[in-house]
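Dear colleague,

Please find below the structure I wished to hand over to you. My notes on it follow directly after.

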Amino acid sequence: MAKSGILKRWADKYGVVIKVQRFDYAASLDAFVAKNIDACTMTNMEALDMPAAAGVDSTVVIVGDYSNGNDAVLARNNVALAQLPGKPILLVQKTVSEYLLERAMVLNGLDNQLPRLKLLNTSDSDIVGAFLGDKSNQVAVTWKPLVSEILDQDRGVKSLFDSSRIPEEILDLLVVRTDVLKRPDGSGLKFAKAVAGAWYETVAQIAAANAQAISGSAAASGDSVASYKEQLRTTYLYSTPQAAAQFAQGSELKQKMDLVRQFCFRHGLLGQNVQSVDDVAVLYPDGAIQGLKDRVRLRVDASYMQLAAQGKL
Amino acid sequence: MAQSFRVSDLTGIQVRPARLWTHSLSWILFVAGIALYAHFSILRHRENPEDRVIPSVTQLVQGLKSSVLEPAEEDDPLDPGASLIQQVRHSMIWKDTASSARRFFIALLLLVPAILIGLHMAVFPYAGAFFLRFVLFFDKIVALSLLPILFVVFGIDEWSKIMLMVIGVAPTLMLDSYNIASGVPKEQIVKAFTLKSSNLDVAYRIVLKQVLPQLINSVRLNLKPLALFLFAGEMIASTDGLAYRIAIMRRHMGMDIIIPYLLWVALLLFTLDALLRFTNRRLHPWYQPH
């Protein structure tokens, strides 16, 4: 987006200066919570854990896509979900991988086995090597492109469950700090509009399989074009602003966010001292609030997606 | 004999500060650090009372209490009627300290042969010829880059982390003890032979005995890289341990647990170092490094 000049054009249109910085995922979340950066892309789970739970009021400005098979539970030797308890499972704990695993167990009626799962926290950079190199590691939960690498290199590994079975639950969002949006000089609003405009223009190009857009994006994320296309295949992109706005304003978002926030609360991700799941509340576009009214920390703002849908950007 | 203090004394070499000064001056940097932290913490909390990036004293105390009294989240909760001792024994920090300490000390034990190999390299010319060049080269391999290989060879559990520590620190210890043992004057060795000692006598009863205080100091200096490798291994793949807990807490900004853990590790290493220093002084009162 930044490289092709699309973002600059939109930024100039609104008279703001937008700087795009490349971070490692965890480092970007740290910077966002420390208020060193104004906006960040993250999943809905991290949007609850990090800024919302640390008291940094954040607003979801764009709902980009949901994981439709990008995250998977992999096992070798025909191990089934019912046989998981007791076997060490390689995954990055406290991320969407653990969420996916828990949902897999619950949806298969195995939720009473959850406390018996043996989780081995493995950094994503080493999970492929560890799983492939040592055959005694039988189960891993991770995301693409690591999933594709593992499935390509080891025929005996099968996917037991993936995020296409839990659609709309693992969302990728663009989150902006609420106090940035509410800046009195209006620069926050202009920023949000500029980013939304640039976003939908870029996404339209990717959805239309514009070769230049795809190779540019793949290069920016350090992937090959083939691997990037493979990931796009299992990502449900809200490529039109209408689709995104509709989803953000619908009731399904609330249901899915409820599942996610219950998970976060159960695992103490909302904070050590948080007494109830309602202490970190989410405000939806129709005014509904999940949680305590005076504890709203995460807001979903569909207005920019709506403006994009109406062509008013 | 008390001398009057002059400002130029601060930059002087031939001065003897009063006991009061030596004690109080050494605390100033600690106080300054804590004051700086408190300043930033209060600043952030004024803007945002729930801030977790720079926790306040109450948050830190709460974090400390929960790690000392409550079991780790992956364990079962305790009976409500458990005594204080039982609570501490089942607590998160006990579990993590026990598993990290076990790995640390097993690695330390496995490093004793490395020190002895260095000694042999210095005293026995054939051993030196055999080992020296390879150890000099192996020392330059960045041990952390070997971690994926170690995972494959040793599995992802305890042994890969222990071997990471051993492979990382052994070359340094070998080369250091080689240098230290080479410093023993050759005349002593020749003299020992004239007094009818055998080869092993010279190695262990002459050379090792006199360089042992320096070897212990060398081990003290290598405690930090040993701890570093332990942390690297635990942060990358583990089910428990001090660095594992820090890595997990990082995922949701649990600085109120990370900071007490950090200070706890520093305290543990400081105590171990002090213990080694004290043992060295008691065992070898004759060792004056100058």
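**Overall dimensions**

Chain B has a radius of gyration of 25 Å, whereas a compact globule of 290 residues would have one near 19 Å; this radius is taken over C-alpha atoms, and the globule rule is 2.2 Å times the number of residues to the power 0.38. The model is a predicted one, in which local features need pLDDT of at least 70 and side-chain atom pairs count only at pLDDT 80 or more, while totals for chains, interfaces and linings use all residues. Residues are numbered from 1 along each chain as its sequence is written, chains are lettered from A and ligands numbered from 1 in the order in which they are written, and side-chain values use heavy atoms, with hydrogens and water left out.

Along the principal axes, the C-alpha atoms of chain B fill a box of roughly 75 × 65 × 40 Å. Of its 290 residues, 38% count as buried (buried means under 20% relative accessible area, exposed over 50%, partly exposed in between, with a 1.4 Å probe and protein chains only). Chain B exposes about 18,100 Å², of which carbon and sulfur atoms supply 70%; accessible areas come from the Shrake-Rupley method with a 1.4 Å probe, and for residues only the protein chains shown count as cover.

Chain A has 13 helices and 12 strands. Its radius of gyration is 20 Å, close to the 20 Å that the globule rule gives for 313 residues, so chain A is as compact as a globular protein of that length. The C-alpha trace of chain A spans about 60 × 50 × 30 Å along its principal axes, and buried residues make up 55% of the chain. Chain A exposes about 13,200 Å², with 50% supplied by carbon and sulfur atoms.

**Chain B: helices**

The secondary structure of chain B comes to 12 helices and 1 strand; helices (H or I, at least four residues) and strands (E, at least two) are DSSP runs, numbered from the N terminus. Helix α9 of chain B (residues 199-221) has a kink of about 55 degrees at Leu212(B), shortly before Pro213(B); the bend is the angle between axes fitted to the seven residues ending at a residue and the seven starting there. Buried residues of α9(B) include Val207(B), Leu208(B), Val211(B) and Pro213(B). Among the elements that cover them are α4 (92-123), α7 (158-182) and α12 (255-283) of chain B.

Gln59(B) lies in helix α2 (residues 57-69) of chain B and is buried, with a relative accessible area of 14%. Leaving aside residues up to four places away in sequence, Gln59(B) touches His45(B), Glu50(B), Asp51(B), Arg52(B) and Asp256(B), a contact being heavy atoms within 4.5 Å.

An open, mixed sheet of 6 strands has the order β7(A)-β3(A)-β6(A)-β4(A)-β5(A)-β1(B), where two strands pair if DSSP finds at least two bridges between them. At the edges stand β7 (157-162) of chain A and β1 (237-238) of chain B, each with a single partner strand, so one side of each is left without a neighbour in the sheet. Strands β3 (residues 71-76) and β6 (residues 139-143) of chain A run antiparallel and are joined by 5 bridges, with Ala72(A) opposite Thr142(A).

With kind regards
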